[in-house]
Amino acid sequence: MLARAIADHAFQDYSIMEELLEIEPPKDEMYHLRQNKSVLGKPFFHMISTSEMEKADTFSRRLRELGIRAGYLRPPTIHDFRAEGLYLIV
């Protein structure tokens, strides 16, 4: 997801992946990345060719295929990412 955001120039203060990977996050806290105003109101998951919103089934399939290629026996789903975020908020 970070690679997609970098490709879309979504971050105000970071333009390459190495800059993001150098961030030292505060212990037990989230680190806030500021968005460029140019991406506000645009879908994060969009089709590269048309910039239209990517359908959920297409994204889910691509995420599953990526997990399988990465070697996961049970690839993560978008719900797994949401659950982790909710856990950190509570």
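Q: Does Phe81 count as buried, partly exposed or exposed, and why?
A: Buried means under 20% relative accessible area, exposed over 50%, and partly exposed in between, with a 1.4 Å probe and protein chains only. Phe81 counts as partly exposed because its relative accessibility is 39%.

Q: What kind of model is this, and how are residues numbered?
A: The model is predicted: local features need pLDDT of at least 70, side-chain atom pairs count only at pLDDT 80 or more, and totals for chains, interfaces and linings use all residues. Residues are numbered from 1 along each chain as its sequence is written, and side-chain values use heavy atoms, with hydrogens and water left out.

Q: In which element is Phe81 found?
A: Helices are DSSP runs of H or I with at least four residues, strands are runs of E with at least two, and both are numbered from the N terminus. Phe81 lies in helix α4, residues 78-89. The chain has 4 helices and 0 strands, in the order α-α-α-α from the N terminus.

Q: How much of the chain counts as buried?
A: Of its 90 residues, 17% are buried. The C-alpha atoms fill a box of roughly 35 × 30 × 25 Å along the principal axes.
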